[in-house]
Amino acid sequence: MRTIEAPLDDKVVGSLRTGDEVAVSGVIYTARDTAHKRMVQALDKGEPLPFDIRGQILYYMGPAPARPGRVIGSAGPTTSGRMDVYTPQLLEAGLKGMIGKGGRSDEVKRAIKNYKAVYLAAIGGAGALIAQSIKSARVIAYDELGAEAVRKLEVVDLPVIVINDIYGGDLYHEGRAKYRRPMHLT
Amino acid sequence: MPIREIHTDEITGAVDELCQQANYYLQDDVLAALKKARGKEQSPLGQQVLTKIMENADIAAVKQMPLCQDCGTVLIFVELGQDVHITGGDLNSAIEEGVRRGYTDGYLRKSMVHAPFSSRTNTEDNTPPVIYTDIVAGDKMAITVVPKGGGSENMTRFVALTPAQGRQDIIDFVVDAVDKAGSSPCPPIIVGVGIGGTADKAMLLSKKALLRSLGSASGDSDAAELERDLLAEINALGIGPQGLGGTITALAVHVEVFPAHIASLPVAVTLQCHSCRHAKIVL
């Protein structure tokens, strides 16, 4: 499996194709529903984001609490579709990658092509397994949101699959078409 | 029949323990269904996903961490024997305290918010649970804890069909619900279908359907046949594990039926993610 380093540059993003299995290493940031809302409100007001978003990967995840002595609790992806209303604006601001689960809207898919970004899926419901790839976690913004706060994560070999690439590929669409069988039970 | 007393401390302790157990361990029926699914799945990527899901269950059990970071809304189903007298306080408060302790002491994620359409501030202890209590014969008390994740719960559907409609319309509706949900409810899923009663009754039946031992057929032969046909149609959708394409979209379909009004044919569908968590105790 190929490893990619976060943050991402255009060359790496352009080399990723729908269906590729890759391991992500480096620094990524978490954000889910409320953090997205706040970041987009900040952009609307011309205020700075809690971190420089250019080139970054956002992971749609709110972890379970860490037991004492551990870095983080279970840490799997949440459903990405709920972030769709906010995503094009973040891509415009320079976001290059997203990790989540589930399909994206047509608008987000168009924005992924336009702004040359990539959408990656981690396995939903495998939060204990994924937590093993997270080496450090620190809340950097919106602390009061608890699980929904923005965290800076250091990850090593976080396993993901490329869903949407800059060429318009969509693994959810293609994978399903390949295994769909017509049935007519009466 | 003598009255049997059960103290609320015992109920609180049981719920605390059940919340943690349900979140750390997949039950044997779920593990067996996942293993069987891996053998039948035709997509290599789908097989890999199923393997990872089983690895995840091993890690969660060994490290005592939740199977999924979404530790859910807590659904509690109580079957309370009518010859039981609860002492020490009230039943609902005792259950709620058990959830509070289980989620705090068990390092489980607190996902409940107050005022869902306005402030959405976290309740900080994952309370309140959603409690359903049935009064039954006997002097025992059974408590089942089901942590239900938000991603799959958001895919719930209901339709009020008319008596002119029937079996095929139910199949079309359920298959469409799964098709539209696609990758979002974390397939492979378990599909709970409630048919009959009123809207609320059908919805509750679709939830209770998920409590049945995974893959066990309905005792009603018509319902069992409907389950088989629905499972075949759903697995022909091609959604597959995690929606990446494949032949196993659902591990099982469970149908529960109740009589309906002469004017009505209500149908509810609840989707359960592969992390089908539940734990039960009989006091």
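In this predicted model, A:Y142 sits in the loop between strand 6 (134-141) and strand 7 (150-164) of chain A. Its phi is near 55°. That is a positive value in a residue other than glycine. A:Y142 counts as partly exposed, because it has 17 C-beta neighbours inside 10 Å, and a buried residue would need 20 or more.

A positive phi is also found in chain B, at B:Q242. Here phi is near 65°, and the residue is again not glycine. B:Q242 belongs to the loop between helix 8 and strand 8 (250-260) of chain B.

Cis peptide bonds come next. In chain A, the bond from A:A6 to A:P7 is cis, with omega near 0°. A:P7 lies in the loop that joins strand 1 (2-6) to helix 1 (10-15) of chain A. In chain B, the bond from B:T127 to B:P128 is cis, and its omega is likewise near 0°. B:P128 is placed in the loop between helix 4 (91-105) and strand 4 (130-136) of chain B.

The two chains touch. On one side are 45 residues of chain B, in contact with 41 residues of chain A. Three helices of chain B each supply at least two residues of the side that touches chain A: helix 3 (44-63), helix 6 (167-181) and helix 8 (221-235). Helix 3 of chain B gives the largest share of that side, with eight residues. By class, the side of chain B that touches chain A has 19 nonpolar, 19 polar and seven charged residues.

Two of these helices of chain B, helix 6 and helix 8, also pack against each other. Two packed helices are described by the angle between their axes and the distance between the axes. For helix 6 and helix 8 of chain B, the angle is about 40° and the axes are 10 Å apart. The two helices are therefore oblique to each other. Their crossing is right-handed. Helix 6 of chain B contributes B:R167, B:I171, B:V174, B:V175 and B:V178 to the contact. From helix 8 of chain B come B:L226, B:D229, B:L230, B:E233 and B:I234. The residues of this contact divide into seven nonpolar and three charged, with no polar residue.

How values were computed: Residues are numbered from 1 along each chain as its sequence is written. Chains are lettered from A and ligands numbered from 1 in the order in which they are written. This is a predicted model: local features need pLDDT of at least 70, side-chain atom pairs count only at pLDDT 80 or more; totals for chains, interfaces and linings use all residues. Two residues are in contact if their C-beta atoms, placed from the backbone, lie within 7 Å. Helices (H or I, at least four residues) and strands (E, at least two) are DSSP runs, numbered from the N terminus. Ala, Val, Leu, Ile, Met, Phe, Trp, Tyr, Cys and Pro count as nonpolar, Asp, Glu, Lys and Arg as charged, and the others, Gly among them, as polar. A residue is buried if 20 or more other C-beta atoms lie within 10 Å of its own, exposed if 12 or fewer, and partly exposed in between; C-beta atoms are placed from the backbone. Axes are lines fitted to C-alpha atoms, for helices over the stretch in contact, and angles run from 0 to 180 degrees between N-to-C directions. Angles under 35 degrees count as roughly parallel, over 145 as roughly antiparallel, 65 to 115 as roughly perpendicular and the rest as oblique. A crossing is left-handed if the near helix is turned anticlockwise from the far one by less than a right angle, and right-handed if clockwise.
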